[in-house]
Amino acid sequence: MTALTIIILAAGKGSRMKSSLPKVMHKLAGRTMIGWILEAAESLSPAQIIVTVGPDMPELEAAVSGHTVAHQKQQKGTADAVKAAMPYIENKCGQVLILLGDEPFVSKDALNEMVGLGAPSIMAFDTENPSGFGRMVQRADHTLQQIIEEKDANEAQRQITLCNAGNFCLNYDDLEKWLPKIGCDNAQGEFYLTDLPQIAAQDQRFFEIIEVEAEQGWGINDRVQLASHEAYIQDILRVEAMQNGVTMMDPLTTYLSWDTKFARDVTIEPNVFFGAGVVVAEGANIKAFSHLEQCNIGKNSVIGPFARLRPGADLDENVKIGNFVEVKNSKLFKGVKANHHGYIGDAEIGAGTNFSCGAITVNYDGYKKHKTIIGENVMVGSNVSLIAPITVGNGAFIAAGSTISENIPDDSLAIERTKSEIKKGWSRDYQKRKKT
Ligand code: UD1
Ligand code: CA
């Protein structure tokens, strides 16, 4: 088998994004663009993946760790970015596949086809709205004559709807020979990789066109395109979830992440947000307007409406989290109920415990977070504040309104309340006095 090297071009600043973040670090369905494209690249099992990055992109370098990083000092165009990667290629032979970092949903099938061809190839797509893309200028026999960038195109060329997706596959030897011949005599004064086909033609070598659906070949240059790519991937993720047995009452209002995991018979009410890292077990019901990220939801649990599960919320089966309850970094065992208005942070709550309305764990002292450990079958009354670190024994009962700062032994009552006073007839006299 011939060696395959993949180069991912990601050094562009992405100025059209108007962002301080490198373009490929923007997310789609909770995952960075570079994360998506790396998955596509890895699926081809190449010998090496090289990512070109620009100066001062530490977050991007961290995101591609484990692969080779090539620095492109100045962003002088896509051909210049490939030049920056050339010295890092370990196998100075075999095939080189060049991908654009801003094309997260590139077709894996098409990439496989390109690699399998063994001839120079390029990916293209047809679209009614080719604005901004390089146009594929074909000869009378439909072979590729040249790619012309929009800014360099004349009126007739701009009418062409077959566009360059930007991915090339060719032999290392050919790339090494043709790359230095690319100049920068064009509207943008950049070294365009898209000049390759014309240069190859001088050697009587012609690129084959592998055509894909527009959605698999388009790139992201600005936030409007980011949003349309998001809509595209959300649709795919939702359909996949529904086909695997999830009921979505109003799919268009369910936002999913790339790694959201559902078992069968999960029901999702309208307007639910799944951030990254959510796992939902069979039969769970996520009610409207809930916001979930990095959490586990156990079998037959009921979440929401208006619930917030933050990172580290780990819920066993039959747990109930109701409206305006927030859970963070906490383990809730089987059958725990926190049905209304509350905060559970850095806690462990035993099976069958009831966490009543308005109860909270006071986990933060202004400097450090502390742990709350609550046993099984505890009754935490309404508006109870548990000042952590604190341990509550099995079967304890904490009276409503109490602020507790010491450990409670098993089966005990804890109450912290000033004695109430009832003055008979006081209110009637008060009203009378005020009215006169
Ligand atoms: C490019 C193609 C265009 C094609 C389109 C498809 C060229 C000259 N044009 O245009 O024909 O239709 O993609 O989406 O190739 N990059 C670098 N270093 C640079 C410049 C760019 O690493 O100096 C990287 C960017 O980070 C980006 C990718 O290359 O990930 C593409 O660059 P971009 O500026 O977005 O190219 P387009 O204008 O979209
Ligand atoms: Ca682009």
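Helix H3, which spans residues 78–85, is mostly covered, with 6 of its 8 residues buried, where buried means a relative accessible area under 20%, exposed means over 50%, and partly exposed lies in between (1.4 Å probe, protein chains only). Helices (H or I, at least four residues) and strands (E, at least two) are DSSP runs, numbered from the N terminus. The structure is a predicted model, in which local features need pLDDT of at least 70, side-chain atom pairs count only at pLDDT 80 or more, and totals for chains, interfaces and linings use all residues. Residues are numbered from 1 along each chain as its sequence is written, chains are lettered from A and ligands numbered from 1 in the order in which they are written, and side-chain values use heavy atoms, with hydrogens and water left out.

The buried residues of H3 are Ala79, Asp80, Ala81, Val82, Ala84 and Ala85. Their cover includes strand S1 (4–9), strand S4 (48–53), strand S5 (68–71), strand S6 and helix H6 (172–178), a contact being defined by heavy atoms within 4.5 Å.

Strand S7 (residues 121–126) is likewise mostly covered, since 5 of its 6 residues are buried. Two strands are taken to pair if DSSP finds at least two bridges between them. S7 pairs with strand S10 (residues 162–171) in the antiparallel sense over 5 bridges, and in S10 the bridge partner of Ile122 is Phe168. S7 is also joined by 5 bridges to S11, and these two strands run parallel; here the bridge partner of Phe125 in S11 is Val212.

Elsewhere in the chain, 8 strands form an open sheet with parallel pairing, in the order S14-S17-S20-S23-S25-S27-S30-S33. Strand S14 (261–262) and strand S33 (390–392) stand at the edges, and each has a single partner strand, so one side of each is left without a neighbour in the sheet. Within this sheet, strand S27 (residues 347–349) and strand S30 (residues 372–374) run parallel and are joined by 3 bridges, with Ile373 in S30 as the bridge partner of Glu348.

The model also holds ligands. Ligand 1 is surrounded by 26 residues, of which the closest are Gly12, Gln72, Gly77, Glu149 and Asn164; a residue is counted here if one of its heavy atoms lies within 4 Å of the molecule. Polar contacts, defined as pairs of N or O atoms within 3.5 Å (within protein, one must be able to donate a hydrogen and the other to accept it, and residues adjacent in sequence count only if both atoms are side-chain atoms), are found at several residues. A polar side-chain atom of Glu149 lies 2.6 Å from an oxygen atom of ligand 1, a backbone N or O atom of Gly12 lies 2.8 Å from an oxygen atom of the ligand, and a polar side-chain atom of Lys23 lies 3.2 Å from an oxygen atom of the ligand.

The calcium ion (ligand 2) is coordinated by Asp102 (OD) and Asn221 (OD1), at 2.2 to 2.4 Å. This pair links distant parts of the chain, 119 residues apart: Asp102 is in the loop between strand S6 (95–100) and helix H4 (108–117), while Asn221 is in the loop between strand S11 (208–212) and helix H8 (223–243). Both Asp102 and Asn221 are buried. Donors are N, O and S atoms within 2.8 Å of the metal (3.2 Å for Na, K and Ca), and because water is not among the atoms, sites may look incomplete.

Gln157, in helix H5 (residues 155–158), is buried with a relative accessible area of 17%, and touches Arg135, Val137, Gln146, Ile148 and Asp152, not counting residues up to four places away in sequence. Lys432, in helix H9 (residues 426–435), is exposed with a relative accessible area of 56%.

Most residues other than glycine have a negative phi, and most peptide bonds are trans. The peptide bond from Gly304 to Pro305, however, is cis, with omega near 0°, and so is the bond from Ala388 to Pro389. Ser45 has a positive phi of about 45° although it is not a glycine, and this residue is exposed.
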